[in-house]
Amino acid sequence: MHKTVTYSFVLILFVLLVVIRLFEDVLFYDPYLVFFKNDYLYIDSPRREILKLIGFTGLRYVLNTIISLGVLYLIFKDKDIVKLSTIIYIITFVILIAIYLYFVINPKQEDYYLFFSIRRFLIHPVLLIILLPAFYYHKLSK
């Protein structure tokens, strides 16, 4: 595939990530969007439907993961990197969703900042930001 075409597809995938972020309030059920935009350290946790919240958070994570894996494949053209990244994404999801669920079920004001950070890893493509330079550095060191 020609580099221009590859970079065009990468750009399209990044635009998709931005679209998910821009339309998050329309596409996904997440009462914490408004909650964390306010002075959340001093207010009570919002009312929420736990199963619906976990489902939409999982859906958002899956969408970000699929797009991120596409970016990694297009940039590195290495199926082993995609396989390793898939394993990393799955393990990370299982660990983070369990912690997230704990915070959703047991909201405490002293835990809000940690909850906010865990939630960020689930709803934003943070792993892509970590994996891209890691694999790039690994490729350079070979």
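Which residues form a nonpolar patch on the surface? They are Leu11, Val15, Val18, Val19, Leu22, Phe23, Val26 and Leu27, with about 740 Å² of accessible area together. This is a predicted model, in which local features need pLDDT of at least 70 and side-chain atom pairs count only at pLDDT 80 or more, while totals for chains, interfaces and linings use all residues. Residues are numbered from 1 along each chain as its sequence is written, and side-chain values use heavy atoms, with hydrogens and water left out.

**Overall make-up**

- The secondary structure of the protein chain comes to seven helices and zero strands; helices (H or I, at least four residues) and strands (E, at least two) are DSSP runs, numbered from the N terminus.
- Read from the N terminus, the order of elements in the protein chain is α-α-α-α-α-α-α.
- Taken along the principal axes, the C-alpha atoms of the protein chain fill a box of roughly 50 × 30 × 25 Å.
- The protein chain has 142 residues, of which 39% count as buried. Buried means under 20% relative accessible area, exposed over 50%, and partly exposed in between, with a 1.4 Å probe and protein chains only.

**The nonpolar patch**

- Patches are made of residues with over 30% relative accessible area and no salt bridge; nonpolar side chains (Val, Leu, Ile, Met, Phe, Trp, Tyr) are joined within 5 Å, and like charges within 9 Å.
- The accessible areas come from the Shrake-Rupley method with a 1.4 Å probe, and for residues only the protein chains shown count as cover.
- Helices α1 (3–22) and α2 (24–27) each supply at least two residues of the nonpolar patch. The largest share, five residues, comes from α1.
- Leu27 has its place in helix α2, and at 44% relative accessibility Leu27 counts as partly exposed.

**Salt bridges**

- A salt bridge is a side-chain nitrogen of Lys or Arg within 4 Å of a carboxyl oxygen of Asp or Glu. By this rule the count comes to three salt bridges.
- Arg21 and Glu24 meet through their side chains in a salt bridge of 2.8 Å, N to O. Arg21 counts as partly exposed because its relative accessibility is 39%, whereas Glu24, at 5%, counts as buried.
- Glu24 also forms a salt bridge with Arg60, with the closest N and O atoms 2.6 Å apart. Arg60 lies in helix α4 (residues 50–76) and Glu24 in helix α2, so this pair ties together parts that are 36 residues apart in sequence. Arg60 and Glu24 are both buried.
- Arg119 and Asp30 meet in a salt bridge of 2.9 Å, N to O. This pair links distant parts of the chain, with Arg119 in helix α6 and Asp30 in the loop between α2 and α3 (32–37), 89 residues apart. Arg119 is buried, and Asp30 is buried as well.

**Helix α6**

- Helix α6 (residues 112–123) has twelve residues and should span 16 Å at 1.5 Å a residue; its end C-alpha atoms are 16 Å apart, which agrees. The expected span of a helix is 1.5 Å times one less than its number of residues.
- The buried residues of α6 are Tyr112, Phe115, Phe116, Ile118, Arg119, Leu122 and Ile123.

**Aromatic rings**

- Rings of Phe, Tyr and Trp (its six-membered ring) pair if their centres lie within 6.5 Å; planes under 30 degrees apart count as stacked, over 60 as edge-to-face and the rest as tilted.
- The structure holds seven aromatic pairs. In one of them, the rings of Tyr102 and Phe103 have their centres 5.5 Å apart and their planes at 65°, so the pair is edge-to-face.
- Tyr102 counts as partly exposed at 42% relative accessibility, whereas Phe103 counts as buried at 6%.
- Tyr113 and Phe116 form a stacked aromatic pair, 6.4 Å centre to centre with 25° between the planes. Both lie in helix α6, three residues apart, about one turn of the helix.
- Tyr113 counts as exposed at 54% relative accessibility, and Phe116 counts as buried at 16%.
- Ring pairs link Tyr100, Tyr102, Phe103 and Phe115 into a cluster.

**A charge over a ring**

- The charged end of Lys52 sits over the ring of Tyr29, 4.7 Å from its centre. The rule asks for NZ of Lys or CZ of Arg within 6 Å of the ring centre and within 35 degrees of the ring normal.
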